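I opened a new notebook page for this chain.

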Amino acid sequence: MSEAGARVRHRISNPVRGRLNAATLRAVDRYAHLLVGERKRALFADLPEQIVEIGPGTGANLRYYRPGTQLVAIEPNVHMHGPLRAAARRHGIELELRTATAERLALPDASADAVVSTLVLCTVPDPVAAVEEVWRVLRPGGRLLFLEHVRAGGGYGRLQRLTARPWHWLFEGCDVRRDTEGTIRAAGFSSVDVQRYRMRSAFLPINPQIVGTATR
Ligand SMILES: C[S@@+](CC[C@H](N)C(=O)[O-])C[C@H]1O[C@@H](n2cnc3c(N)ncnc32)[C@H](O)[C@@H]1O
């Protein structure tokens with residue numbers, strides 16, 4: 001693991017903020033569904049039966065998966081695990097939960113048809129390594145499906161600069177200024193399909209977002 005990876009292991013095991021972030025995700029679950037539910041429904045419309053999801057948190061995406069879906073969930077914050085298991089039961093998802101990080105997926109090369117990442121590449125300490133790992137575990141033709149907040153210019157860019165430090169501390173490493181589209185494009189996928197949009201939420205620094213797929 002890189003030095004950055006070692007640092008996040010320490011950060012995400014913070015007992016106070018780890019719990020706080022799990023509670024926050026649960027509290028905003030319905031709101032997030034209202035904000036991006038339509039986009040997620042379209043993104044997840046034709047998922048295969050087996051999915052790998054990195055950083056699923058408390059399971060915000062599980063309501064969009066078909067009942068019976070086999071989900072390998074890579075979630076390092078153990079405070080997310082209880083609500084994630086409950087969401088899997090609620091939505092009829094077969095959950096295999098692993099306390100691990102996206103930078104080091106203990107999965108064979110070319111073994112996955114689909115990997116999901118929503119609001120995760122902002123937080124992983126080493127997004128380049130995480131996307132390279134995703135590429136490694138995807139089969140040729142397999143897809144990374146993503147919805148992420150990204151750095152912006154103009155007024156949003158200034159707001160992101162102002163809020164970056166407290167946001168990073170509070171949300172355990174979340175960086176509102178990442179060029180996640182650039183990271184995905186640089187990872188060697190055969191095609192990348194991205195849409196940019198502005199979410200209309202009270203969480204202003206994370207309103208500039210991208211959604212799309214990258215095909216190995
Ligand atoms: C903002 S939350 C998003 C949760 C969920 N994907 C959603 O859309 O609601 C970020 C998630 O990434 C997880 N995370 C942080 N570092 C990670 C890493 N290195 N590898 C995988 N997941 C990580 C956090 O524990 C948290 O569950």
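My entries on the chain follow.

I noted first that this is a predicted model, where local features need pLDDT of at least 70, side-chain atom pairs count only at pLDDT 80 or more, and totals for chains, interfaces and linings use all residues. Residues are numbered from 1 along each chain as its sequence is written, and side-chain values use heavy atoms, with hydrogens and water left out.

**Fold.** I found seven helices and seven strands; helices (H or I, at least four residues) and strands (E, at least two) are DSSP runs, numbered from the N terminus. Along the sequence I read α-α-α-β-β-α-β-β-α-β-α-α-β-β.

**Charges.** I looked up 31 positive and 21 negative side chains, with the centres of the two sets 7 Å apart. Lys and Arg count as positive, Asp and Glu as negative; His and the chain ends are not counted. Each charge is placed at NZ of Lys, CZ of Arg, CG of Asp or CD of Glu.

How much of the chain is buried? Buried residues (under 20% relative accessible area, 1.4 Å probe, protein chains only) make up 50% of the 216 residues. A nonpolar core is a set of buried Ala, Val, Leu, Ile, Met, Phe, Trp, Tyr and Cys residues joined through side-chain atoms within 4.5 Å. The largest has 28 residues, and Phe44, Leu47, Leu62, Tyr65, Leu71 and Leu145 have the most contacts inside it. Helix H4 gives this core its largest share, three residues. Another core lies apart from it, with 26 residues, including Leu105 and Ile184.

**Leu47.** Leaving aside neighbours within four places in sequence, I found Leu47 in contact (heavy atoms within 4.5 Å) with Tyr65, Arg66, Ala114, Arg143 and Leu145.
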